[in-house]
Structure formats: C-alpha cells, structure tokens
Amino acid sequence: MPSKTEKLLSLLNGQPVIPVLKITDVANAVPLARALARGGLPAIEITLRTADALEAIRRVAAEVEEAIVGAGTILDSRQFDEAASAGSRFIVSPGITRELLSAAADSEVPLLPGAITPGEIMAAREAGLRFLKFFPAEQSGGIASLKAFASPLADVKFCPTGGITGKNAADYLSLPNVICVGGSWVAPDDMVKAGKWDEIEALARAASQLRK
C-alpha cells in the first residue's frame, strides 16, 4: 500500500463517517469541531465553498487539538497549497486532474480525489492512489456501482460521498471496498446556526457506532 494511502488511512483511523462541513460563520468552526470530536468523529472535512472556509480550517487546526481537519472541494493546485498552509491534514477533491496529482506529489498532505468511472479510478491507481472518494455517490450508481468495482478493481477502496444519510450509510459501510462515508447529516445547518452542540455531539456519537 503506498505511503500516502497509509497516511490517509491512519488519519481517519477506522472512523466510519467523515463529517462534510460548510462553514458560513467562522465563529462556529471551533465549537462544531469540538462537538464532533466529543461524539467520536475527530476527522472532519471543511469544504472550500464559503468565504470563511480557510479561516475556519486555521482556527480548528490551531485550537482543537483533538480534531483532524481536512479541506474539501479543492479544485486546483492553488487551493491545495492554501488549504495545506492553513493547517489541513488531508485534502479532498470532487474529481481527479493532473494538476491536483502533481500538487499532491509535491506535498506531505495526502489527497483523497473523487473518481466514479473505471478510467478515473484506473488513472488514480496508476498514480499510486488506492483510496478514493466516490462522488456523487447516489447519483453515480451508489451501492450497485461500488459492488461492480469490487472484483476488477479489488485493491481500491472508497469513501462514498453525496446523498449519504443516516438511513443509507450503514448499507454503504457494509461493502468490503468502502472504508468510510462522507456526509453532512451529523451537523445540520439549523443546529449549527443555533449552536446546538450537544445535539450535534449525539448525532456524531450515533454515526461513530455505525460499523459496530
């Protein structure tokens, strides 16, 4: 197994659900990360879909020692470098490009790129990656597609994201080629805005037990 894949798997360390977070108010970043970590989900993905995302990553990296913060929705090498400089421990992208593969090759920060077709998966595999994001999961054949990939691409593992909820997460996690799933249901926007950290902690705790 390539060292970057090993590093990524060690960071996630058996965590069945990776919270995918869109931070619209940077003040929520630290208490949200703490609530998720208390619930058993220390590894989180903060997506670069808002103006506050990089600052949120900086604050969590600096102030929440128990959290493992990653950056999501990384589209190019500039964003890769900015996210890594902000303190991201891992980088997630919706797809795979030569530019991103080159940025990842020059960095100690591991990349989890998205791939949904056999060609994309084989390209990532050729680059030495054996752990990929499967996105958008539900819209791309979901469980049926992942089952189909299990035999011809047996050494590749996935983190499905996109349309994953508390209702279907366990079905995905039951697949032998699924390491974890990504989802936003553990931190609903209304709970975050209202500062309901105890309720988010409870959702995280339930999610952390999905594979047990």
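This is a predicted model: local features need pLDDT of at least 70, side-chain atom pairs count only at pLDDT 80 or more; totals for chains, interfaces and linings use all residues.
1. Contact here means heavy atoms within 4.5 Å. Not counting residues up to four places away in sequence, Ile 46 touches Leu 21, Ile 23, Ala 53, Ala 56, Ile 57, Val 60, Val 69, Gly 70, Ala 71 and Gly 72.

2. Ile 46 belongs to the largest nonpolar core, which has 61 residues. Together with Leu 32, Val 60 and Val 181, Ile 46 touches the most other members of that core. Helix H2 gives the most to this core, with six residues. Another core, of twelve residues, lies apart from it, and Leu 8, Ala 43, Ile 68 and Val 92 are among its members. In soluble globular proteins, nonpolar side chains tend to be buried together.

3. Which residues of helix H7 are buried? In H7, residues 142-150, they are Gly 142, Ser 145, Leu 146 and Phe 149. They cover an arc of only 95° around the axis, so they sit on the same side of H7. An α-helix has 3.6 residues a turn, so residues three or four places apart point the same way. The face of H7 turned away from its buried side carries the exposed residues Ala 144 and Lys 147. The partners against which the buried residues of H7 pack are helix H6 (118-126), strand E6 (131-134), strand E7 (157-160) and helix H8 (169-173).

4. Phe 158 lies in strand E7, 24 residues from Phe 134. Phe 134 has 0% relative accessibility and counts as buried; Phe 149 is buried at 10%, and Phe 158 is buried too.

5. The buried residues in H10 are Trp 197, Ile 200, Glu 201, Ala 204, Ala 207 and Ser 208. Their arc around the axis is only 120°, so they lie on the same side of H10. Strand E1 (17-21), helix H2 (29-38) and helix H9 (189-194) are included in what covers them.

6. How many disulfides does a search of the whole structure find? The search finds zero. The sulfurs of Cys 159 and Cys 180 are 3.4 Å apart, and for Cys 159 that of Cys 180 is the nearest cysteine sulfur.

7. A last point concerns a loop residue. Is Glu 65 buried or exposed? Glu 65 is exposed, with a relative accessible area of 79%, in the loop between helix H3 (53-63) and strand E3 (68-72). Its C-alpha atom is separated by 12 Å from that of Pro 31, and the two residues are 34 apart along the chain.

Note on methods:
Residues are numbered from 1 along each chain as its sequence is written. Side-chain values use heavy atoms; hydrogens and water are left out. A disulfide is a pair of cysteine sulfur atoms within 2.5 Å. Buried means under 20% relative accessible area, exposed over 50%, partly exposed in between (1.4 Å probe, protein chains only). Helices (H or I, at least four residues) and strands (E, at least two) are DSSP runs, numbered from the N terminus. The arc is that of the directions from the helix axis to the C-beta atoms. A nonpolar core is a set of buried Ala, Val, Leu, Ile, Met, Phe, Trp, Tyr and Cys residues joined through side-chain atoms within 4.5 Å.
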